[in-house]
Amino acid sequence: MTIGIHRPTQLIIDQSAIYHNIATEKSRLKPGVELFQVVKADGYGHGLVQVAKIAEKAGVTGFCVAILDEALTLREAGFNLPILVLGITEPQYADLMASHHISATVGSIDWLEEASRYLIEEHRLAIHLALDTGMGRIGFQHPEELRQAVQYLDQKPQFNFEGIFTHFSKADAADTAYFQHQIDRWKAFMAVLPYRPKYVHVSNSATSLWHDACNGNMIRYGVAAYGLNPSGTELTVPFPLQPAMSLKTKMVFVKKLLKGYSVSYGATYTAQEDEWVATLPIGYADGYERRLQGFHVLVNGEFCEIIGRVCMDQLMIRLPRQFPVGTVVTVVGEDHGKTISLQDVADYCGTIHYEIACGFTQRLKRTYIN
Ligand SMILES: *Cc1c(COP(=O)(O)O)cnc(C)c1O
């Protein structure tokens, strides 16, 4: 997608915030516990390679991504740290992974058998076995399957049994009953494991922030690095996270809308009196959702309502008074002591901040500060 570099709309990424959010969590970890930074989905919309650079400076010892292509992008950019692909990669790419020293997530012996046919002789593929303790997404279902998989790996020098892990579905909730249930299932799996591989990991951000993590020696730290509370507003983070992403634009058109005149598609908004209206160059094609009609932005520390439908590339706001074209508008972030957080945007859309952050499209220019 073409990046809008000649448009005054940009995502601003505060690099020092990401650094702080990683370094602080790292300092809280028990000795010997490593932090792999999760940079999937273009670093949750913050920029894959840029976030990886900051994370490396902050002392992470590996990366997690969702898909093989993200791992390959990191390798092409010159990163040499371990990389784990958290999703299932098709077995035909086993050799491509091995040749780039990218670790694969595996949830069945079938996958291993299939992959073994693609691995050329001198290549060895590092494997992390995924255990399904209750997430119900990917991974071995029963301890007996795990026992057989380890036995299989022990016989096949093409594979390096590098890690074992699980993923919690409710580590971000005050009610810990289901989390405990998953812990119990984890323990049943671990009971059949003949030895511990190099990495044993169960923690996403939420687990690392709020739970004692099953004796693991690595965490998969994701959303909290970007300054976002994994629980939304349910639980308090043990240290102040610094949000890294803000979104700014400028007014490109300002007019007086006369009483009785309407705004945008469907004419869903009609001025009840004469009022000042500004047009902003951002719309749902940028990932600023159409559902945000009626929400607000910040102009000089004042909340201004989004009036009429959000268009693909533009939207309109009602101003308290006349402002000149070119006035800066804060769509997400802080302005004169007032804030619109990604959480606020997500609440209005009926979703979570994860979806808003990674939903911003590539048309938005990313600018890195600090
Ligand atoms: C995305 C993901 C993470 C990171 O989760 P956060 O909530 O962003 O910390 C960790 N582990 C797995 C398996 C994931 O898919």
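Q: Leaving aside neighbours within four places in sequence, which residues is Ser-103 in contact with?
A: In this predicted model, Ser-103 is in contact with Ile-83, Leu-84, Val-85, Met-97, Ala-126, His-128 and Glu-162, once its neighbours within four places in sequence are set aside.

Q: And what does the side chain of Ser-103 make a polar contact with?
A: The partner is the side chain of Glu-162, at 2.6 Å.

Q: Where does Ser-103 sit, and is it buried or exposed?
A: Ser-103 belongs to strand 5, and because its relative accessible area is 4%, under the 20% cut-off, it counts as buried.

Q: How far apart are the C-alpha atoms of Ser-103 and Leu-125?
A: They are separated by 6.7 Å, although the two residues are 22 residues apart along the chain.

Q: Let me zoom out: how many helices and strands are in the chain?
A: The chain contains 11 helices and 20 strands, and buried residues make up 52% of its 370 residues. Along its principal axes, the C-alpha trace spans about 80 × 45 × 40 Å.

Q: What share of the contacts with a separation of 6 or more comes from residues 24 or more positions apart?
A: Such residues account for 67% of those contacts in the chain.

Q: Which domains does the assignment give?
A: The domain assignment gives domain 1, covering 15-226, and domain 2, covering 245-340, and the C-alpha centres of these two domains lie 42 Å apart.

Q: What does UniProt place at residues 244-369?
A: The unreviewed UniProt entry places the feature "domain: Alanine racemase C-terminal" there. In the model, that span is 12% helix and 41% strand, and its end C-alpha atoms lie 10 Å apart.

Q: Where does UniProt place the feature "binding site"?
A: The unreviewed entry places that feature at Arg-137 and Met-312. These residues span 176 residues in sequence, and the farthest two C-alpha atoms are 34.0 Å apart, so they do not all gather at one spot. Of these residues, Arg-137 is included in the lining of the largest pocket.

Q: What is the setting of Arg-137, and is it buried or exposed?
A: Arg-137 is found in the loop between strand 6 (125-131) and helix 7 (143-155), and it counts as exposed because its relative accessibility is 56%, over the 50% cut-off. Apart from neighbours within four places in sequence, Arg-137 is in contact with Asp-132 and His-167.

Q: And where does Met-312 lie?
A: Met-312 lies in the loop between strand 16 (302-307) and strand 17 (315-319), and with a relative accessibility of 42% it counts as partly exposed. Not counting residues up to four places away in sequence, Met-312 touches Gly-283, Tyr-284, Ala-285, Asp-286 and Arg-363.

Q: Which residues are around the ligand?
A: The residues around the ligand are Val-38, Lys-40, Tyr-44, Leu-86, Arg-137, His-167, Asn-204, Ser-205, Arg-220, Gly-222, Val-223 and Tyr-354.

Q: How far is a polar side-chain atom of Tyr-44 from an oxygen atom of the ligand?
A: That distance is 2.5 Å, while a polar side-chain atom of Ser-205 lies 2.6 Å from an oxygen atom of the ligand. For His-167, an N or O atom in the side chain is 3.4 Å from a nitrogen atom of the ligand.

Notes. Residues numbered from 1 in each chain as written. Predicted model: local features only at pLDDT ≥ 70, side-chain atom pairs only at ≥ 80, totals over all residues. Heavy atoms only, no water. Domains from an automatic or database assignment. UniProt positions renumbered as here; feature names shortened; annotations may be inferred. 1 Å grid on protein atoms, 1.4 Å probe; cavity = no way out; pocket = protein on both sides within 12 Å on 5 of 7 lines; lining within 4 Å. Helix = DSSP H or I, 4+ residues; strand = E, 2+ residues; numbered from the N terminus. Buried < 20%, exposed > 50% of the residue type's maximum accessible area, 1.4 Å probe, protein only. Contact = heavy atoms within 4.5 Å. Near = heavy atom within 4 Å. Polar contact = N/O pair within 3.5 Å; in protein donor to acceptor, adjacent residues only side chain to side chain.
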